Amino acid sequence: MDPNVLLTTAVKPSLVVLLPEILILSVAVVMMTAGAFVRQPRRVWSVSAAVALALGLLVLSLTGKTTTDLYTSVALNDAFSHYSRLVLLLSGFILLGLAHDQVDDARAPEFFGSLLMIVAGSMLVAAANELVFLFVGLELVSIPTYLLLYLAVRNTTTQEAATKYFFLSIFSSGLLLYGLAYLYGTTGGSNLKALAYLAGPAQLPNMPQPQFGLIALVFIMAGLGFRVAAVPFHFYAPDVYEGSPTIMAALLAWIPKAIGFLAITRTLTAVISAGSDSSLLVAKAVVLAWIIAAVTMTLGNAMALLQDNLKRLFAYSSIAHAGYLMVGVAVAFYNAPTYAPGTTLYDAPAAQSDFFLGTEGILFYLVAYALMTLGAFGIFIALSTPERPVETVDDLAGLAREHPLTALALAICLFSLAGIPPLAGFWGKFQIFSSAFGAATTTDAPTFQLLAVIGVLNSAAGAYYYLRIVVGMYLRPPLSNRPPLQPRPAWPTRVAVAACVLFTLIVGFFPNVVSAPSRTAAESAVALPRPLPPVVEEASAR
Amino acid sequence: MSQFLAHNAWLVPFFPLLGSFIVVVAAKWLREQSHLPIVAGIALSFLVSFSLWMVAGPDVTSPAIEWLTISGFNVPIQFRLDGLTTMMLAMVTFVATLIAVFASGYMAGDPGYPRFFALIGLFVFSMTGLVLSNNYVLTYLFWEGVGVCSYMLVGFWHSKPSAAAAAKKAFLVNRIGDFGFAIAIFWLWSASINHDVSYGNVLSRENLDQLGPAAIMGISFLLFWGATAKSAQVPLYVWLPDAMEGPTPVSALIHAATMVTAGVYLIARSTPLLVRAHEVQALVAVIGCLTALLSATIALTQTDLKRVMAYSTVSQLGFMFMGLGAGVNNVAQLAVFAAMFHLFTHAFFKALLFLASGSVMHAMGNVIDMRRFSGLRHRLPITHLTFAAGGLALAGFPLTAGFWSKDEILLALKHAAHQAEPGWGGIYVAVYWIAVLTAFMTAFYTGRAYFLTFWGPEKLPSPQDPEALAEAVDEVDHGSSHTEHDHGHDAGHGHDGHHVGQESPPIMTYPLMILAVCALIVGLIFGPTGLFEHHLHLTLGYEHLGHLEAHGADWLVMLMGSLAAILGLGLSYLFYAHRSPIPAQLAERLRPLYLASYNKFWIDEIYEKAVVGTTLLLAEISAIFDMVIDAIVRGIAYLPRWLGGAGLAPFQNGLVQFYAGVTAMGVAFLLIIVLFWL
């Protein structure tokens with residue numbers, strides 16, 4: 001292909017699209033470098049991080065219309081990418097608000113720099129359209145996370161947590177790379193849209209051994225399953241959450257889960273579901289996601305029932321939520337736009353109305369999950385003081401008497417997590433389970449319906465441990481042997497928590513605010529427009 | 001222009017809501033001025049409604065605002081501005097404005113003054129929303145909204161046990177109806193094209209054609225079920241007479257003019273569906289007829305003025321349903337016009353009668369028992385005249401509002417008797433004659449209430465009345481609530497400088513006078529001129545309804561109606577104007593009948609025994625069952641804990657090499673499954 005054409009259709013627009021990430025990353029690099037030479041109070045560093053995020057947000061909204069060529073670019077700016085990056089960037093503000101006073105002055109530049117890198121890395125994952133680039137994004141999240149885990153508080157517990165996370169994380173990255181290598185080796189392509197095109201309209205002409213595709217599938221699922229804390233890759237979550245500061249638990253509960261599912265959508269569901277319903281790969285992928293979803297939900301909820309430590313409880317709860325999201329993945333593997341007989345090209349997805357429901361459910365659920373989980377963790381952060389930390393369920397007993405508004409806010413988050421209408425979490429569960437229920441009409445229907453039933457039963461069991469906290473807050477007297485809570489959260493923390501709670505309510509009453517963009521994003525994730533002629537040549541030449 | 005107005009239809013519910021909001025926020029400062037934002041809000045929304053009347057058309061809708069769009073379930077916020085809706089809007093906001101003005105005088109001095117007006121504003125918001133909605137789900141939401149407002153307003157003096165009980169009863173009975181309505185919506189959702197429950201889709205010909213006969217009949221029946229509770233029809237009418245425990249303006253607004261007609265509205269809205277189920281239509285007519293007759297019979301002997309009006313409302317709603325039920329084949333258009341016209345005129349004269357009763361109650365120091373006062377026509381001249389105007393309209397005296405609309409209903413019934421499916425005509429013949437009889441009874445009890453209150457020797461209530469003493473004994477029997485009762489009901493709207501036996505202040509009498517004029521002439525203006533019919537013709541789906549080639553005035557029907565009214569009024573004049581002994585002798589002669597009517601046919605007691613008793617028994621049995629279930633549930637609840645504790649917890653041992661090992665084994669396991677097993 002003519003390098004000049006490539007420059008104008010792929011490279012330049014890609015750079016424009018990636019401007020927000022580039023901007024945030026450069027500020028992060030400057031901060032981390034300057035931190036070694038100048039001493040400034042913490043406020044300076046947190047404000048510059050906020051400015052970087054705000055600039056990123058501005059640039060992101062300005063570059064919203066830029067598009068890149070799907071089959072040659074490393075980064076996309078389709079609705080999926082734009083919407084996910086917006087959500088991740090906004091959640092970056094919330095994380096920053098919660099984290100702004102969680103570190104001392106000396107380590108502030110590295111701390112906020114790492115935070116910026118994590119946000120930028122997660123945005124790269126959402127935009128990535130290339131196996132290697134996706135991996136870079138994932139690692140750009142992982143490596144600063146190792147740093148952050150150990151930066152804020154340095155003692156043996158955080159050391160243990162950081163070490164565990166480090167070892168298991170690189171192990172999972174190894175699994176993921178192995179899977180990506182198989183994918184590349186089987187198809188000879190690394191552009192994700194091109195892979196989807198090969199799997200779908202082109203029917204993978206050069207796939208002699210479908211087993212290789214299956215191996216790639218299992219390994220990629222394993223590598224990303226670690227990020228989202230799906231069984232059996234979940235072991236680190238409770239230990240690491242418990243051992244690290246609350247703000248890190250909040251970050252770990254959200255960012256890796258989000259990018260994990262975004263990456264699963266990009267690399268697996270969007271690619272594999274492009275194949276026909278009867279293809280071996282689709283059937284096996286559904287089985288794989290089905291097993292992981294069922295086991296993850298059940299194990300997460302069963303273990304959460306036993307926990308008294310809040311961070312462990314939320315670790316298992318986050319595992320359970322990964323299970324619910326996996327239901328959406330199973331549906332997304334199965335539901336794909338079908339191609340009219342005789343055609344190999346796919347332009348408009350409007351002919352069918354349900355092919356995107358699984359992905360839409362995932363995207364909606366992620367937003368709801370971010371709001372309620374970050375909200376709950378934010379309240380724990382706001383309530384904790386060095387002399388009276390909030391660690392266990394008992395620490396919250398009688399909260400409603402002293403701090404009725406805080407208790408109400410936490411109750412809203414917990415009700416939403418339990419999936420009680422009309423809150424954001426309810427609509428998330430509703431979308432995912434109803435998409436599973438209506439996923440198939442053929443003989444596959446019972447399989448999906450059983451999964452939906454397992455999910456509903458699980459969320460019923462899950463309500464127990466959330467409501468236990470609510471009961472404790474409202475009906476039990478405060479523990480007499482502990483000093484009263486005297487929270488003194490700064491305003492950024494308050495704003496962050498208030499935003500989470502408020503949006504949990506707003507999304508609950510007006511789900512369309514999130515579900516409409518989720519739908520367009522989900523549609524764009526599986527859209528495969530007609531490739532430009534030169535690309536077709538190249539694809540067939542391989 | 002019409003586009004502009006249609007786009008701003010949201011202002012109609014918005015103004016009263018805004019008024020409510022202001023009252024809630026600024027109650028502390030507004031206190032005795034709390035009625036201002038509400039009166040202004042409702043008046044503004046009347047102005048908007050009035051202009052909307054001009055732009056009405058079968059397919060005029062406001063732009064849809066996406067609200068719920070989840071997995072194939074799509075409920076937009078959208079308003080429909082056709083003839084039916086704009087008629088209801090104009091009527092509701094007009095009557096509500098006058099009633100709010102009246103209430104500002106009536107409720108003066110009540111400690112809950114701001115709360116009262118905030119709730120009234122909320123009610124008007126819900127009611128206008130109900131008639132504006134362009135789909136069944138949104139209608140249902142507002143339907144519940146008016147129910148909640150009614151609950152809170154019936155129980156406005158909630159420290160009074162009877163008011164609290166009445167509110168609870170109203171709410172629970174209405175829930176039974178809501179159940180039917182909800183199932184109707186589920187059914188509509190699953191059976192309609194595109195799962196779209198908007199009126200435009202559901203009532204379109206294509207959709208109605210593709211619905212099976214079972215769906216048509218079932219949905220019609222369920223919708224009517226929902227309507228029977230809201231509009232107080234047999235067997236669910238029992239809540240409405242008790243709802244008179246609320247303040248009188250509430251009875252006038254909610255339980256006479258507007259909310260109780262929501263059921264009639266729903267059926268009228270769904271007429272294109274209903275005309276395809278003639279069995280359900282016959283049921284509607286029969287139930288309406290039964291209700292009208294039963295409650296008119298009860299109204300004959302009641303001594304509580306407000307209760308007479310309450311049973312009369314139930315009876316008149318029965319008339320409306322008779323009208324709706326008469327819409328077979330070619331009568332469909334005439335029938336729905338007649339029913340809606342009666343709804344329209346009834347709103348004016350019944351609101352007037354309630355307000356006039358309220359004015360009597362106000363002047364009599366909150367006594368409403370007709371045995372304790374009489375001959376008030378000289379003391380309360382304005383109340384007397386306005387009540388007389390309302391009474392004439394209710395009785396259907398020639399040329400008054402009620403005459404024209406009742407005449408239309410009788411006409412529709414008469415045509416229905418000829419046009420009905422073979423074998424069904426007999427039902428309509430019976431319904432027609434019972435309707436005439438009921439019209440006669442209506443005139444009689446209206447006259448009775450009027451003459452007992454305003455004619456005869458002048459008498460004001462005194463604490464020494466035997467009825468008052470009996471009531472006091474009753475109160476003591478009912479425990480310590482006596483003082484609270486006084487506080488709630490009597491001191492409720494205190495009489496600052498207002499003495500018993502005096503005419504109400506102008507702020508109350510002016511609305512009465514306006515309504516009185518309406519009650520007399522509104523029928524003449526809208527009925528024979530065809531104005532109403534022409535406007536209602538602009539309703540979605542009505543143009544396809546069957547209609548008669550030409551229907552002029554039927555003199556025979558008119559004569560029957562007039563005769564019934566004049567005979568009823570004349571008889572009541574003979575009996576009550578000069579206190580003849582005949583009624584007492586009749587009551588003695590027909591003692592069982594009299595007692596049955598006086599005790600409302602013991603329907604409440606029967607329900608108490610049959611329904612409430614059975615439910616309680618069921619609850620007892622369930623409680624025993626519950627213990628067994630509880631044990632099982634506990635066992636199941638323990639299972640995951642056991643699974644987590646004994647089965648899974650050991651894996652979480654904190655050793656990173658173990659975690660990595662298990663992860664690797666997990667990958668291997670999944671690989672084996674995917675590659676070789678399934």
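**A loop in chain B**

I began with B:His195, which sits in the loop between helix H7 (161-191) and helix H8 (199-202) of chain B. Helices here are DSSP runs of H or I with at least four residues, strands are runs of E with at least two, and both are numbered from the N terminus. The phi of B:His195 is positive, near 55°, and the residue is not a glycine. I counted 13 other C-beta atoms within 10 Å, so B:His195 is partly exposed. For the record, buried means 20 or more other C-beta atoms within 10 Å of a residue's own, exposed means 12 or fewer, partly exposed is in between, and the C-beta atoms are placed from the backbone.

**Ground rules**

I noted that this is a predicted model, where local features need pLDDT of at least 70, side-chain atom pairs count only at pLDDT 80 or more, and totals for chains, interfaces and linings use all residues. Residues are numbered from 1 along each chain as its sequence is written, while chains are lettered from A and ligands numbered from 1 in the order in which they are written.

I found B:Phe601 in the loop between helix H27 (591-598) and helix H28 (603-648) of chain B. It has 15 C-beta neighbours inside 10 Å and therefore counts as partly exposed.

Next I checked omega. In chain A, the peptide bond joining A:Val231 and A:Pro232 is cis, with omega about 0°; A:Pro232 is in the loop between H9 and H10 of chain A. In chain B, a cis bond joins B:Val234 and B:Pro235, with omega about 5°. B:Pro235 belongs to the loop between helix H10 (213-230) and helix H11 (239-242) of chain B.

The buried residues of H2(B) include B:Phe15, B:Gly19 and B:Ile22. The buried set packs against helix H3 (35-55), helix H4 (83-106) and helix H5 (113-132) of chain B. After H2(B) comes B:Arg31, with a positive phi near 40°.

**Chain A as a whole**

I counted 21 helices and 0 strands in chain A. Its C-alpha trace spans about 75 × 60 × 40 Å along the principal axes. Of the 542 residues, 62% count as buried.

**Where the chains meet**

How many residues of chain A are in contact with chain B? I noted 38, against 28 residues of chain B, a contact being two C-beta atoms, placed from the backbone, within 7 Å. Helices of chain A that give two or more residues to this side include H7 (156-187), H12 (280-305) and H20 (512-526). H12(A) gives the largest share, 9 residues. By class, this side of chain A has 28 nonpolar, 7 polar and 3 charged residues. Nonpolar here is Ala, Val, Leu, Ile, Met, Phe, Trp, Tyr, Cys and Pro, charged is Asp, Glu, Lys and Arg, and the others, Gly among them, are polar.

**Confidence**

I finished with pLDDT, the predictor's confidence in each residue, from 0 to 100. Chain A averages 87, with 92% of residues scoring at least 70. Chain B has a mean of 86, and 94% of its residues reach 70 or more. Over residues 477-497 of chain B, pLDDT stays under 50. For the complex, the predictor gives an ipTM of 0.86 and a pTM of 0.70.
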